[in-house]
Amino acid sequence: MRIEGKEYRTIWYEDNVVKIIDQTKLPHKFVIKELKTVKDAINAIKVMEVRGAPLIGGTAAYGMALAVKENNDPEFIKKSSKELIQSRPTAINLKWAVDRMMKKLSGINSDQILDITLKEAKEICNEDEKFCENIGINGLKIIEEIYNKKKDTVNILTHCNAGWLATINWGTATSPIYHAHKKGIPVHVWVDETRPRNQGANLTSYELNEEEIPNTIIADNTGGILMQRGEVDMCIVGTDRTLSNGDVCNKIGTYLKALAAHDNNIPFYVALPSSTIDWDIKDSKNIPIEERNSEELSHVEGIDENNEIKKVLIYPSKSKAMNLAFDITPAKYVTGLITEKGISEASSESLKKLFNK
Ligand code: MRU
């Protein structure tokens, strides 16, 4: 998608290094960063220079290639794979990508090992881009249906950033929106600010602006009254891990939006590539929920009059804070799962049928 009119993907390999857009600097500064070692990749995931389930999967895949490039010793590669998986626990795409890379590497010790791993990392990213494009094509039908009934702007609420910046391209939740916009359907997006890190305000609104899609940032608690007033036609969110029973783990606050949508009879969709489905865990209580540094709550970052990014304390200095990053939306509140293969009910029968499991 575009930034200042130029097409980008979120991660690519060029001049023997991995390149990423440093998302900790957006929307104020556009900085391309180089990752040269597996440690660089682990750090980029941990400090959220890259974030969003599909993109951290893609970064982990390239991280494995960087590990091979650095030291082609099986012990080093194994240790690196473990460290990559542990760098952020909730999004399943990370483990999915590392496992796929390890499988590709097993039994290979030829001179071509680096080329093979780089090719596989690129393949994982290309596949994600294609899947996200298909999510858009499938989700477009829902937006079209609403538009054909309403004959007026379709108002869509989204939470966090499940846009192209969270994937390789297109995004998950935003892909149907981009497709609708390209088709000339008038859409407007209510963008949840998404405290504490403000991925909605900093990233979703930014990327929608760059594609000239009308959007309005709202405080995280505003969605409920907008739904009661009839100003939300549908919700679409992304997910970090969806269980085969349809329970959805996503950015903290998603569950409350789903409850409000349920109470107001508003369709609540979750968009995801199949790499985000956890076919193993059966009970959502067993999903590891990341607890992040409470500084993300007590401090906010912005740009000052000298164009410098600054962080300031906003809480009483003696107050304690707790920062759970994700929550679970039970399947019963999910209208449907928009995947690369089609739209599934949030149930094991429907998901298994769609993915031939
Ligand atoms: O903590 P983040 O910014 O990595 O959280 C991202 C989200 O919760 C997204 O909604 C999710 O990963 C889906 S991304 C297409």
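Residues are numbered from 1 along each chain as its sequence is written, and side-chain values use heavy atoms, with hydrogens and water left out. As the model is predicted, local features need pLDDT of at least 70 and side-chain atom pairs count only at pLDDT 80 or more, while totals for chains, interfaces and linings use all residues.

**Exercise 1. The chain and its domains**

Task: describe the secondary structure and the extent of the protein chain, and state how domain 1 and domain 2 are placed.

Solution. Begin with the secondary structure, which comes to eleven helices and 18 strands; helices (H or I, at least four residues) and strands (E, at least two) are DSSP runs, numbered from the N terminus. The radius of gyration is 20 Å, close to the 21 Å that the globule rule gives for 357 residues, so the chain is as compact as a globular protein of that length; the radius is taken over C-alpha atoms, and the rule is 2.2 Å times the number of residues to the power 0.38. Along the principal axes, the C-alpha atoms fill a box of roughly 60 × 55 × 40 Å.

Next, consider burial: 55% of the 357 residues count as buried, where buried means under 20% relative accessible area, exposed over 50%, and partly exposed in between (1.4 Å probe, protein chains only). Among contacts (heavy atoms within 4.5 Å) between residues at least 6 apart in sequence, 74% join residues at least 24 apart.

Finally, the domain assignment gives domain 1 (2-127) and domain 2 (137-354), with bounds that come from an automatic or database assignment. Their centres, taken over C-alpha atoms, are separated by 24 Å, and 32 residues of domain 1 are in contact with 36 residues of domain 2.

**Exercise 2. The two pockets**

Task: give the volume of the largest pocket and explain why it lies between domain 1 and domain 2, then describe the lining of the second largest pocket.

Solution. Start from the terms: on a 1 Å grid over the protein atoms alone, a cavity is a set of points where a 1.4 Å probe fits but cannot get out, and a pocket is an open set with protein on both sides within 12 Å along at least five of seven lines, lining residues being those with an atom within 4 Å of a point. Grid points are joined across faces, edges and corners, and a volume is the space filled by probe spheres set on the points.

The largest pocket holds about 600 Å³ of space. Of its 28 lining residues, Thr-24, Arg-197, Asn-202, Glu-301 and Lys-311 lie nearest the centre. Two or more lining residues come from each of α7 (199-210), α10 (295-298), β14 (299-303) and β15 (309-313), and β14 gives the most, with four. By class, there are eight nonpolar, nine polar and eleven charged residues, where Ala, Val, Leu, Ile, Met, Phe, Trp, Tyr, Cys and Pro count as nonpolar, Asp, Glu, Lys and Arg as charged, and the others, Gly among them, as polar. Domain 1 and domain 2 both give residues to this lining, so the pocket lies between them.

The second largest pocket holds about 230 Å³, and its lining includes Asn-72, Glu-75, Met-102 and Ile-113. Helices α3 (74-86) and α4 (92-105) each give two or more residues, the largest share, four residues, being that of α3. The lining divides into six nonpolar, four polar and two charged residues.

**Exercise 3. The cavities**

Solution. The largest has about 190 Å³ of space and 22 lining residues, with Arg-51, Gly-52, Ala-53, Asn-161 and Asp-240 nearest its centre.
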